[in-house]
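Have a look at the picture, then read on.

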Amino acid sequence: MRPGILLRLFAALGYTLLLSPVVVVAAISFSAGDFLTFPPPGFSLRWYQQLFSSGELMAALRNSAVLAVVVAVVALLVGAPASYAIARLEFPGRDALAGLLAAPLLLPTLVLGLALLLALQPLRLAATWPGLVLAHSMVAIPFATRIMTTAFTAVPRDLEEAAWTLGATPLRAALRVTLPIAAPGAVAAGALCFLVSFDETVISLFLVGPRLSTLPVEMFRYAENRTDPLVAALAMALIFVALAVVLLVERLVGFQRALGRE
Amino acid sequence: MTHLVLDRLTRRFPGAAQAAVAGISLELPKGALLALLGPSGCGKTTTLRMIAGLEKPDEGRVLVAGRDVTALPPHRRNMGVVFQSYALFPHMSAAGNVAFGLEMRGVARAERAERVRQALALVGLEELAARRPRQLSGGQQQRVALARALAIQPDLLLLDEPLSALDAKLREGVRDEIRALQQRVGATTVFVTHDQTEALAMADLVAVMNQGRVEQLASPEEVFERPATRFVATFVGRAARLSGQVEAPGTIRCGEALLRAAETPATGAVEIFIRPHHVRPVAAAENLLPARVLRRTYTGEVVSLECETPAGRLLAELPGGVPEARATAGDTLSLGFAAADLRVFPA
C-alpha cells in the first residue's frame, strides 16, 4: 500500500524541520561575510580555507579522529567478549553485568564528566590520551555491548553446537563461527562508537587541557568567543565525517553480506 | 560387538515436573542404525543431545566402544551430528563446511583437501563444493551436513530429524540414500524421528520412546507386529482397539463374541489391538466373526473396510484384487484373524 498524501506531507514536514538548520549552516559556511548571518551576503570558500589553515583546529580534528578510532577499537575489544558472555553463557550475575555495562548511558554526561575528572586528576590522567580514551570508552562501551549482544543473539545456537561436535573448542567455535557471522554487527558497533567519541563534548570539556583538546570542545570555545562563519564550516566538517562513517558502514556491511551471507 | 551403551541415562530440566529422559538404558551393536521414535516431547532429541555431549545428563553414563564419554565435552567426543536445521556455517562454502572438522583436528592442508573431496563425492556434491549454503537446495544442504559429519570419521553418527525439513517428495529418496550411505560407510548411527515409516524403513533397531522412557527396543518387524505396550501399539501403525474381559487365560469376552488370543493376562479388563492387515476374509480361522461393512475406502493398492462385528468395530485392509474388496457399505462378510495376531494389554 502506498502511503497517503497526508502521511507524505507529514514526513516531508518532519524532514524539513530536521534538516533546515543543516541547510542554513551549510549556506553560512560558504559565506563571504564576516558574521554568522543568514542569508549570507555573498558566497566564498574563505572560511573553509581558514579552517584548514588553522593549526589549532586541525590539531583538534586530528586528535578527535585518532581518539575516536582508538575508542572504537577499545569498545569493541571490551564489548565483544562481554556481549558474547551475555548472549551465550549462563553465569551468576549475568543480568547485573548487563546492567552495569549499560549504566553509563543512564548518568547525565555532566555528572559522568565531573566524576571522571575527580577520579582521573589524582592519577594524573586528566588531559592525557589514556584519560580521554578511558572516559570516552566508558560512554562508547554501552553502545558496543548493546549492538553486539543483539548480533550474537541473532546467530543460531546450533551453529556453535555444530562447531563443537566437529571438534572446535568453545573459544575456537566463537572465533571461527559466531564472530564472523556477527561481523556486520561489529562493524556497525565500531562505527557508532567512533561517532559517539567523535561527537562527545561534555565529558571532554572536563578532561581536555591546553596541550590536548578535541574538535567539539574547540568548536564550542570558538563559538563562545567569535561570531564569524568559521564555526559553520567546522560544523560542516563534523557532519561530513559522520556521513562518511555511515556510508563506510553501509558499504562494508553490504559488502560483507554479499560475500558471506547470501 | 556392542558399540554404544546408554546406561540409565537421565535428564531433568529445572522446573519441569517430569524428567525429560528417565533412566534410558540400551545397547547398540557396531555399524547398526538405531531409530529413536516417539512423539514430540518424548525425550528423543534430549537423548541424542546427551549422546553428543550437548546436554549434560543428571544421572547415568554414555559409553562408546567401551569408553565412558559422559564427562567429555562435545569437541572431544568425535561424533558426527546432523542437526535438524543442518546448522551449516553460512559464511563458508560447502567445502569449507566439510573441511571445518578436519581443520579442527589439525589435518594437513593437502590431506584435508583430498578428504573434503572424498566426503563431497560420497554424497554426490563434488561440483557444488564452492557454493555457499544459501545457494544450495534443501536436499543439497542436507547432504553437505551429512558429508561434514562423516568427513571426521566419527565414532558415532547422530541424526536429529534429518528429513523433517525436506519436501515430502524428496524425503523417501533421501531416506534410502542416507541408509545406503550409512551401510556403505559402516557408521554406527542414532537417528531421531517422529515418523514411524522413516524409523521402520531405515533402522536395524527401533526404540519407541514415550515420556522419557523406552517403551520397546526391538527390530522394526518386532515393533510393528508385536508391540510390547499399549503405547507402542497405538503409536506405531494403525489398529482396531477393542475392549474386553478375560474369561479364562487365552479367552476374552468381547461384546457378544468370545475371542481367542495367544497371550492374555490371567484375569481382568483388557484392551485388544488388531492390525488391519491381520484381518482377512476367510471361512475358517481361530477367530471368526460375521461383519457388516460400515464404510469402504479405496486407496488403489488396498481397500480399507470399517466393519461392525459382535466384538466391536474392526478395520480390515484387503488387497485391491480379492473379491471381498468389492464389498460395499451394508454387505456382510466373514472376517477372521489368528490368535497370535492379537495384542492384549491390561486396560
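## Two domains in chain B

Chain B is assigned two domains: domain 1 covers 2-232, and domain 2 covers 238-346. Keep in mind that this is a predicted model. Going by C-alpha atoms, the centres of domain 1 of chain B and domain 2 of chain B sit 39 Å apart.

## What chain B is built from

If you trace chain B, you'll come across eight helices and 20 strands.

Chain B has 347 residues, and 52% of them are buried. Take its contacts between residues at least 6 apart in sequence: 66% of those link residues at least 24 apart.

## The surface and charges of chain B

About 15,300 Å² of chain B is accessible surface, with carbon and sulfur atoms accounting for 49%. On the charge side, chain B carries 41 positive and 37 negative side chains, and the centres of these two sets are 6 Å apart.

## How confident is the model in chain A?

Over in chain A, pLDDT averages 88, and 96% of the residues reach at least 70. Which elements of chain A mark the two ends of the range? Helix α7 (residues 157-165) of chain A has the highest mean pLDDT, at 95, while helix α12 (residues 230-261) of chain A has the lowest, at 76.

Take some care with residues 257-262 of chain A, where pLDDT stays under 50. For that stretch, the model has eleven contacts beyond four places in sequence.

Definitions and conventions:
Residues are numbered from 1 along each chain as its sequence is written. Chains are lettered from A and ligands numbered from 1 in the order in which they are written. This is a predicted model: local features need pLDDT of at least 70, side-chain atom pairs count only at pLDDT 80 or more; totals for chains, interfaces and linings use all residues. Side-chain values use heavy atoms; hydrogens and water are left out. Helices (H or I, at least four residues) and strands (E, at least two) are DSSP runs, numbered from the N terminus. Buried means under 20% relative accessible area, exposed over 50%, partly exposed in between (1.4 Å probe, protein chains only). Contact means heavy atoms within 4.5 Å. Accessible areas come from the Shrake-Rupley method with a 1.4 Å probe; for residues, only the protein chains shown count as cover. Lys and Arg count as positive and Asp and Glu as negative; His and the chain ends are not counted. The place of a charge is taken as NZ of Lys, CZ of Arg, CG of Asp or CD of Glu. pLDDT is the predictor's confidence in each residue, from 0 to 100. Domain bounds come from an automatic or database domain assignment.
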